[in-house]
Amino acid sequence: MTDEERFKDCERFIVKCKRSSCGQETTLELLFKGASNALAVNDTCPGCNNQYSAGAVSNQLNIAMRRHIKEYYMSWQKCEDPSCGYSTRQVPLTRQRGAPMCPQCFRAHLHPVFSDTALYTQLLYFSRLFDFDHAVKNSKTAVGVTQTTKSFYKAVHSVITKVLTANGYSEVNLSKLFSSFFV
Ligand SMILES: [Zn+2]
Ligand SMILES: [Zn+2]
């Protein structure tokens with residue numbers, strides 16, 4: 001499966017150039033789009049040709065990631081026992097082995113209607129927009145990249161890692177999950 005297929009249902013990331021004279025909004029592409037394609041340019045605004053501020057991009061990305069994580073947790077939860085079929089938007093406090101217990105039948109767990117996989121795929125998609133190491137490892141055309149560009153990607157990508165960690169998705173867990181989904 002190519003990354004393009006993998007991420008086809010993901011919400012795209014639109015970055016807004018913070019230069020007051022520009023302000024252009026640009027939909028970013030995956031850095032790596034196949035071994036023979038040139039890497040995408042996600043650090044430079046096509047409107048004014050200036051490099052984005054890593055801080056500004058990180059902020060916008062942070063907001064988008066938090067929104068997805070929140071949507072996931074706010075989504076409907078459904079009882080896994082079909083004979084019960086209880087569903088709710090509120091996660092009950094009674095938990096057993098990690099998953100919340102159904103407050104109607106008390107026999108089964110509640111599970112989010114939107115899957116973990118969808119959230120992880122979305123977060124991985126954001127990560128891949130700025131994962132320069134991953135892109136370079138797979139690309140055969142990455143040459144002549146400046147140190148400024150590398151630093152930009154490194155700075156933004158570290159913010160993504162921080163958000164993931166803060167939300168309980170450790171790098172180890174994620175890479176395990178991702179490697180089982182995306183081999
Ligand atoms: Zn611009
Ligand atoms: Zn139930």
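Residues are numbered from 1 along each chain as written, and chains are lettered from A and ligands numbered from 1 in the order in which they are written. Because the model is predicted, local features need pLDDT of at least 70 and side-chain atom pairs count only at pLDDT 80 or more, while totals for chains, interfaces and linings use all residues.

Q: Why are α3 and α5 called roughly antiparallel?
A: Two packed helices are described by the angle between their axes and the distance between the axes. Axes are lines fitted to C-alpha atoms, for helices over the stretch in contact, and angles run from 0 to 180 degrees between N-to-C directions. Angles under 35 degrees count as roughly parallel, over 145 as roughly antiparallel, 65 to 115 as roughly perpendicular and the rest as oblique. Helix α3 (residues 116-130) and helix α5 (residues 147-166) pack at about 160°, with axes 8 Å apart. The pair is therefore roughly antiparallel.

Q: In which hand does α3 cross α5?
A: The crossing is left-handed. That label applies if the near helix is turned anticlockwise from the far one by less than a right angle; clockwise makes it right-handed.

Q: Which residues of α3 and α5 meet?
A: From α3 come Leu 123, Phe 126, Ser 127 and Phe 130; from α5 come Tyr 153, Val 156, His 157, Ile 160 and Leu 164. Residues are in contact if their C-beta atoms, placed from the backbone, lie within 7 Å. By class, this contact has seven nonpolar, two polar and no charged residues. Ala, Val, Leu, Ile, Met, Phe, Trp, Tyr, Cys and Pro count as nonpolar, Asp, Glu, Lys and Arg as charged, and the others, Gly among them, as polar.

Q: Why are α2 and α5 called roughly parallel?
A: Their axes come within 9 Å and cross at roughly 25°. α2 and α5 are therefore roughly parallel. Their crossing is right-handed.

Q: What makes α2 and α3 roughly antiparallel?
A: Their axes cross at roughly 175° and come within 10 Å. The two helices are therefore roughly antiparallel. Leu 61, Ala 64, Met 65, His 68, Ile 69 and Tyr 72 of α2 touch Leu 119, Gln 122, Leu 123 and Phe 126 of α3. The contact of α2 with α3 divides into eight nonpolar, two polar and no charged residues.

Q: How do you know that Cys 79 is buried?
A: A residue is buried if 20 or more other C-beta atoms lie within 10 Å of its own, exposed if 12 or fewer, and partly exposed in between. Cys 79 has 21, so it is buried. Cys 79 lies in strand β3 (residues 77-79). Its C-alpha atom is 5.8 Å from that of His 109, 30 residues apart along the chain.

Q: Why is Asn 62 called partly exposed?
A: Asn 62 has 16 C-beta neighbours inside 10 Å, so it counts as partly exposed. Asn 62 sits in helix α2. Beyond four places in sequence, Asn 62 touches Val 159 and Val 163.

Q: What makes a set of residues a nonpolar core, and how many residues has the largest?
A: A nonpolar core is a set of buried Ala, Val, Leu, Ile, Met, Phe, Trp, Tyr and Cys residues joined through C-beta atoms within 7 Å. The largest has 26 residues. Among those with the most contacts inside it are Leu 31, Leu 61, Leu 123 and Val 156. α3 gives the most to this core, with seven residues. In soluble globular proteins, nonpolar side chains tend to be buried together.

Q: What makes the phi of Asn 49 and of Phe 106 worth a look?
A: Most residues other than glycine have a negative phi. Phi of Asn 49 is near 65°, a positive value. Phe 106 has a positive phi of about 55°.

Q: Are Asn 49 and Phe 106 buried or exposed?
A: Asn 49 has 8 C-beta neighbours inside 10 Å, so it counts as exposed. Phe 106 is exposed too, with 10 other C-beta atoms within 10 Å. Asn 49 is in the loop between β2 (25-27) and α2, and Phe 106 is in the loop between β6 (99-100) and β7 (110-112).

Definitions and conventions. Helix = DSSP H or I, 4+ residues; strand = E, 2+ residues; numbered from the N terminus. Contact = placed C-beta atoms within 7 Å.
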